[in-house]
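Colleague: I would like to go through the terms used for this model. Please set each value against its cut-off.

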Amino acid sequence: MFDLNKFLDDREKRVQLQNSLLERYSLPLLTIRANYPGENKWESIPIEITEIVAKEMEILFKERLIKKEVIENLEGKIYLYFINLDPKSIKELTIQFEEKHILGRCVDLDVYTTEGTGISRSDFNLPKRKCLICDDLAFACGRSMKHSHSEIKDKINSKYIAYQNFLKRREVTINTIADLSLESMIYEVSSFPGFGLVTPLTQGAHKDMNLLTFLKSSFILKDGFKKMAEITFSDLPLDIAFKRLREIGKETEKKMFQATDGVNTHKGMIFLLGIVVGATSRTLYQNKDFKNIQTLISQMTRDILKDFENIDTKKTLTHGEKLFLSHKFTGIRGEVKNGLDIIFSGALLVFNSALKESADINKASVHTLIYLMSKVMDSTIVYRHNLEVLEDVKKEMKAIFESGGVFNYSLDFLFELENKYIQKNISPGGSADLLAVTIFFHKILTYFY
């Protein structure tokens, strides 16, 4: 039997705890409670919804979340998060969540200043929340008891079912994206001749890796790309989503080095394909056209060149950072900031046309690689040599491509060229990564559009 006095006592104790913790941590507080009618707050649906939203908040505020407390009483399950961010910014993000997430209206996300003052929608000149069922204001319907508890519960349950259906759709989509990312990497390393790249026939200009090294690494990376797709198959703000992608990328990079005994097979690929996977997943989540992927890549990476700020004070530098210091060479960061226009306006058209003409994916891949090598400011070549060698490679490949590429030159000629590049220690790693992304986009178009 419901004990009203115990319920009120629990609520008072919870408020006292909140205030004492606010004083102890001197940080804004976010509380999460199910917005569920009736006396029993421990029904399975409100508890599970609260836990789902709590996990979403932990993703949203991850590095800012300083302290977490969980209260369990007659009010239900309540999460308290102390967050190192100004309270208005916290509230703004929770309002976005409430308005966009399927379960956003099924919870109360309350934000308090360090003094315990609540931040409301009116602080942003926003109207009060509407009723879960009708278009009237929620508080008005609540006061007048316009809707029965069973009506409200049915509405919340329907949203919970809709969320479960969303999870099924998400799982199918992100699994497909992960599969296609793996396929694209395998198709790229399986293409030959590779003009200094690792292929099934040669180690190229690489002494520390071969085809098996690449295959082992590729399968390890698949799980990381799935996690990236899952993060962005959501309404998570794009700047925060990009941070999460890079965090997953660093974890994936560690697993790659463990799998390859320290050999760098895919570091650049993790960065590049990770961004592409993220933008693709968000576009599919939003049910937008394929061309939206390019827009999202530009938006997501608009500040990417800030990576080069203050690098002259760093003790250890990546290849890309060294080249930026010596030549102001932006490499793949410059390409993604430009929305990978070299693929959307070039390589993808080249690949699709070559595949249609030849019905041979290896031929289409090599033809596209020649095109990319004629265009890309390839940091791998520059790092191994210099800008002059890069320009020589681009000039040579441009002449071959403009003369018909694989459709005009014999395999013997192309293998001779490959041997020449191997002997000169030339490896177009940047172009190889862009080829894999081109193949990925071709497959995305095939599966989803």
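What follows is a short exchange on confidence, the sheet, a helix pair and one serine.

Modeller: This is a predicted model, so local features need pLDDT of at least 70 and side-chain atom pairs count only at pLDDT 80 or more, while totals for chains, interfaces and linings use all residues. Residues are numbered from 1 along each chain as its sequence is written, and side-chain values use heavy atoms, with hydrogens and water left out.

Colleague: What pLDDT does the chain average?

Modeller: The average is 93, where pLDDT is the predictor's confidence in each residue, from 0 to 100. Of the residues, 95% score at least 70. Helices here are DSSP runs of H or I, at least four residues; strands are runs of E, at least two; both are numbered from the N terminus.

Colleague: How many bridges join β2 to β3?

Modeller: Eight. E69 stands opposite L80 in β3. The two strands form a hairpin with two residues between them. Strands β1 (residues 29-34) and β4 (residues 107-112) pair over six bridges. There, T31 stands opposite D110 in β4.

Colleague: Why are α7 and α9 called roughly perpendicular?

Modeller: Their packing angle is about 80°, with the axes 10 Å apart. Angles run from 0 to 180 degrees between N-to-C directions, and axes are lines fitted to C-alpha atoms, for helices over the stretch in contact. The classes are under 35 degrees for roughly parallel, over 145 for roughly antiparallel, 65 to 115 for roughly perpendicular, and oblique for the rest. The pair is therefore roughly perpendicular. L238, F242 and L245 of α7 meet L296, Q299 and M300 of α9.

Colleague: Why does S218 count as buried?

Modeller: Its relative accessibility is 1%. Buried means under 20% relative accessible area, exposed over 50%, partly exposed in between (1.4 Å probe, protein chains only). So S218 counts as buried. S218 is found in helix α6 (residues 211-232). Leaving aside neighbours within four places in sequence, S218 is in contact with L182, M185, I186 and H266.

Conventions. Contact = heavy atoms within 4.5 Å. Pairing = 2+ DSSP bridges.
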